[in-house]
Structures are given as C-alpha cells and as structure tokens.
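I opened the model today and kept notes as I went. Sequence and coordinates come first.

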Amino acid sequence: MLPIVQLKEVTHAYLGDREASLAIENFSLHVEAGEFVSLVGPSGCGKTTLLSIIAGLLQPSRGEVFVSGHTVSGPSPEVGYMLQQDYLFPWRTILDNALLGLELTGRLNEISRQKTIGLLGEMGLAGKEYAYPAQLSGGMRQRVALVRTLSTNPGLLLLDEPFSALDYQIKLQLEDLVSETLRRRGTTAILVTHDLSEAIAVSSRVILLQPNPGKIRRIFTVPEAIRSTPPLYARDLPGFAELFHEVWKEMELAGREKL
Ligand code: ADP
Ligand code: MG
C-alpha cells in the first residue's frame, strides 16, 4: 500500500541571529494508510518540528516530504493539525468555531454544516451548538477543536499533545473517543505525546526519538491484541506493562546519554 506520509532524510536547522540549531537530522519515516503512530521522546527532540514539517507549515532545510504521494509545499485541507490548546475563538459560538475549517477552505454548505452538527453530537456536544467556548469545560473545548479538525474530513490527522492539559479521567475518555472515531473513519494519525501509556494504548507503532539532534532511536510495534482494544482497557492487557517498561527504559537511556 502507498504510504500516506513519507519522510526521506529530512534535516531541519533553525537559524538564529548567531547560530543554527539542528532540530532534526536525517529523519526517515513511512506511515501507512489507516495507521496510528505515536512520536515520543524527551522535550526538545524535534516532535513539534516534525509535525509542522508534515503539515506544510515549515519547510525543512533538507530532505523530501510526501503526503499521499505528493510533495508537501504548504498547508493542505487533506491534513488536519490539532494542538494542545484548543484555540477556539471566544466570540464565536461552538458551531461557528466547528465550521471554521470548512469556511476557510470554501467548503461550507448546508450538507457540510449538517455533517458538522452530527459530528458535534457524536462527540457528546449536542445542545451546545450555540454556547460560547467560555461556557464549556476544557475537555469539551478540546472536543470542539477535534470536530473542527475533522469537519473538513482530512485523510491525515496530526495531533500535538492534544490531551496533555486535561484531567486524567477526561483524557482517558477522549483517547477512547478519538481512537474509535479515527478507526471508524479510516483516518491516518500521528500523535505526539509525552505519556508513554497513552502512546502504547492508542497506536500501532511507538516511535521513540532522541534529542540533539532529533532522530529515531527505536521503533516499538504494539501487539495486535493491545492495538485492537479500546485504550482504556488496553492498559489492563497482558504485555502492556512489559512494553511500557521497555519503552520507558529506552527513553531513560536516551535521556541519560545526552546529558
Ligand atoms: P519537541 O516538540 O520534541 O519538544 P521541538 O520540535 O519543539 O521539540 O524542538 C526541537 C529543537 O528545536 C529544540 O532544541 C528547540 O529548542 C528548537 N526549536 C524549536 N522551535 C524553534 C524555533 N522556532 N526557533 C529556534 N529553535 C527552535
Ligand atoms: Mg513539542
């Protein structure tokens, strides 16, 4: 199958006034259609840089980036990008916030509007369409941001620590909701998280990065039994704790070697 995301020897250096800092070096990765992969690793190892490059928001210094076989040259409606903060506009209603992506890409019509209202319902937000962001909890606002990202029906979803600001219980519920929704839609996803158990619970592969400069240290394949179980229950399966410790140990080593 054609990979949805292909990075070939991507290097990126941020240029400052006095010096250049190498954020990622010779990074290659394939993500297949329908796959859910996670990027984990110590802070500063280039996770956000990688997502911004895949999203077309940042042009890498070197290397090639393809999404669905096409060279990435800028942002595209095919790719949804969701961040830790929800970035909802406080003066817009929930529905108007959710419709923003469709509006900006010129695809807002009665059909897409109704679909978005349906999606708000699926995310447990029925009845909140005409409320304002300040009237909603953090978990609800994150779900609105997710609806906004999904409303344009992107084939690829990039998630940069979308659950990390939430309470633990809400975070677990959202993991379930997101992984179930993406599975049903066949959306390919790349999740950045600093929560190893979240990474293992939701993804098919966990890609561990190491810093200075950012590169792949090791790729862990999540066993099918864990992968096909909803995240909340996956954590209780045999093999989960072992895999967690394996990834954790390797991440410790990566951090220590770079001190
Ligand atoms: P992560 O998301 O894994 O924490 P980042 O991709 O944000 O890592 O950062 C990777 C490296 O690039 C870090 O050393 C960081 O300081 C540096 N960096 C990130 N963004 C910028 C920027 N806009 N200008 C200069 N350096 C940056
Ligand atoms: Mg980051």
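My entries cover the ground rules, a ligand site, a helix and a single residue.

**Ground rules.** I am working with a predicted model, in which local features need pLDDT of at least 70, side-chain atom pairs count only at pLDDT 80 or more, and totals for chains, interfaces and linings use all residues. Residues are numbered from 1 along each chain as its sequence is written, chains are lettered from A and ligands numbered from 1 in the order in which they are written, and side-chain values use heavy atoms, with hydrogens and water left out.

**Ligand 1.** I listed the shell, taking residues with a heavy atom within 4 Å of the ligand. Tyr 14, Ala 23, Ser 43, Gly 44, Cys 45, Gly 46, Lys 47, Thr 48 and Thr 49 surround ligand 1. By class I get three nonpolar, five polar and one charged residues. Here Ala, Val, Leu, Ile, Met, Phe, Trp, Tyr, Cys and Pro are nonpolar, Asp, Glu, Lys and Arg are charged, and the others, Gly among them, are polar. Helix 1 (residues 47-54) gives the largest share of the shell, three residues. Helices (H or I, at least four residues) and strands (E, at least two) are DSSP runs numbered from the N terminus.

Next I looked at N or O pairs within 3.5 Å. The Lys 47 side chain places an N or O atom 2.9 Å from an oxygen atom of ligand 1. A backbone N or O atom of Gly 46 is 3.1 Å from a ligand oxygen. For a polar backbone atom of Cys 45, I read 3.2 Å to an oxygen atom of ligand 1. The protein covers 55% of the 560 Å² of accessible area that ligand 1 has on its own (Shrake-Rupley method, 1.4 Å probe).

**Helix 5.** I checked its length. Residues 138-151 should span 20 Å at 1.5 Å a residue, and the end C-alpha atoms are 20 Å apart, which agrees. The expected span is 1.5 Å times one less than the number of residues. Is this helix buried or exposed? Twelve of its 14 residues are buried, so helix 5 is largely enclosed by the rest of the structure. Buried means under 20% relative accessible area (1.4 Å probe, protein chains only). Its buried residues pack, with heavy atoms within 4.5 Å, against elements including helix 4 (110-122), strand 7 (156-160) and helix 6 (168-185). Just after helix 5, Asn 153 takes a positive phi of about 55°.

**Leu 159.** I found Leu 159 in strand 7. Leu 159 counts as buried, at 1% relative accessibility. Leaving out residues up to four places away in sequence, Leu 159 touches Phe 36, Leu 51, Met 82, Ile 190, Leu 191 and Val 192. Ser 38 is 121 residues from Leu 159 in sequence, yet 9.2 Å away in space, C-alpha to C-alpha.

Terms used:
Buried < 20%, exposed > 50% of the residue type's maximum accessible area, 1.4 Å probe, protein only. Polar contact = N/O pair within 3.5 Å; in protein donor to acceptor, adjacent residues only side chain to side chain.
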